[in-house]
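Hi there,

Here is the structure I promised to pass on to you. Have a look at it first, and then read my notes below.

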Amino acid sequence: MNVGDRVRLLTGTEEGIVTRLLDSELVEVAIDNDFTIPVLRREVVVVAQEEGKNFDRAAVDYGPGQTPGKNANASKKDNSKRPSATPAAPKPVQPSLQEALAAVASSGKGVAKISGPAAGARQPAAAKGLFLALVHQSPELLGVTLINNTEADVLFTYGEETSARPYRALAADKLGPKTSTKPLSFLHMKDFEAWPAVIFQLLPSKPNGDAAYELLTKRQAFKASTFYGSQKPAPVIGKDAYLFQLDEKAAAAIAPEQLAEETPAPAPTAPAKPAGVDIAALKAQLSGDAPAKPAAVVAAATPAKPAGPIVAPPHELDLHLEALRPDNTEELSNTAILRLQLDAFEDALSRALATNMHEIVFIHGMGNGVLRKEIHRQLSRNKDIKFFEDARKEKFGFGATLVRLK
């Protein structure tokens, strides 16, 4: 069951058009000049054209824009055996005063013989292009239709935009030249102020054509000041509709040479120079599992400076910011301070291991415990640590950690 299907209620004789699919079990049906009701899917059945063969009566056949409901009920009557009335002869076209005077002047006679419009007169050609047409299905119900009045196929997507939902995709298909879609959705005139904006994506395509085309995206919102003046004869379907052209700016063709363009290859880069490793830093890093500072990488072209002797850290290292940077006047964030303290801890631990110290005390203070917790986490993962514990409480309280090294 799809939007636009003609259905009959199983619990009554009414017929209507499916205007919305509310959920997996519920549909909205327009009956009797736009009176819409929600109905369970199991309580309606699609009206088929073949039922006329089985019931010996004309099947319901809605013409374009025919109203379901009362019109539908009237069409259920068997009119196949009624004598058809002879159609009345069309009334002759009455010439206007200007046409009569022109005919008299051209004939030179007192009585002009006018047989209607000139044989060579033609209706103006319909505009080429892609159109959004809102077609009356009944006085209050409009069907949203896409019209392709071009010589190309069109791939399209259709969606709606509301204040509650930025985009909702509703349909996607291919539309041939000089054709139109079935109603993609339905809009009620009584809900004009709440109508969604409709969004089309359009991609023209010509079989065996010599160019590809860019994608067109068109968003169409509706305002009362311009909507009612847009009613005019629509091409292809041959009916009046509220008409909006979607391709005022035609899709630009993409030339074949543009499609063949490739991304230029990146310029070759110079081969990386072999690099050397600072042996002292590497030795310090390999001494344990603690995340010591990365080993410094130096270019081979630069002559390596001889590594100086590693200086042992103090037995008691104060990690407070005032001790690490006594002359600091810069305002640092908590994260920057913590990073500075951890860098000092890691450097001191690496130098203590490299110089075979037996123990070292890190004074981290109480605070909120973040620094102490991180120091203990790193110490617990280092295989070169014999054990660690809170330092002398009578001297440092719980604000220092004693580390015994292997």
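The accessible surface of the chain comes to about 26,000 Å², and carbon and sulfur atoms account for 55% of that. Please keep in mind that this is a predicted model. The chain has 406 residues, 32% of them buried, and its elements are 10 helices and 23 strands. If you take the contacts with a separation of 6 or more, 57% are between residues 24 or more positions apart.

Now to the inside. The largest nonpolar core holds 25 residues, and Leu-132, Leu-134, Trp-195, Phe-200, Leu-202, Phe-222 and Phe-227 have the most contacts within it. Two or more residues of this core come from each of β6 (129–138), β7 (141–149), β8, β12 (197–205) and β16 (240–245).

The largest pocket has a volume of about 690 Å³. It is lined by 28 residues, of which Val-3, Thr-19, Leu-170, Leu-184 and Ser-185 are the closest to its centre. Which strand gives the most to this lining? That is β9, with 7 residues. β2 (15–21), β8 (153–161), β9 (168–175) and β11 (185–188) each supply at least two lining residues. Sorted by class, the lining has 15 nonpolar, 6 polar and 7 charged residues.

Enjoy exploring!

Best wishes

Note on methods: Residues are numbered from 1 along each chain as its sequence is written. This is a predicted model: local features need pLDDT of at least 70, side-chain atom pairs count only at pLDDT 80 or more; totals for chains, interfaces and linings use all residues. Side-chain values use heavy atoms; hydrogens and water are left out. On a 1 Å grid over the protein atoms alone, a cavity is a set of points where a 1.4 Å probe fits but cannot get out, and a pocket is an open set with protein on both sides within 12 Å along at least five of seven lines; lining residues have an atom within 4 Å of a point. Grid points are joined across faces, edges and corners, and a volume is the space filled by probe spheres set on the points. Helices (H or I, at least four residues) and strands (E, at least two) are DSSP runs, numbered from the N terminus. Ala, Val, Leu, Ile, Met, Phe, Trp, Tyr, Cys and Pro count as nonpolar, Asp, Glu, Lys and Arg as charged, and the others, Gly among them, as polar. A nonpolar core is a set of buried Ala, Val, Leu, Ile, Met, Phe, Trp, Tyr and Cys residues joined through side-chain atoms within 4.5 Å. Buried means under 20% relative accessible area, exposed over 50%, partly exposed in between (1.4 Å probe, protein chains only). Contact means heavy atoms within 4.5 Å. Accessible areas come from the Shrake-Rupley method with a 1.4 Å probe; for residues, only the protein chains shown count as cover.
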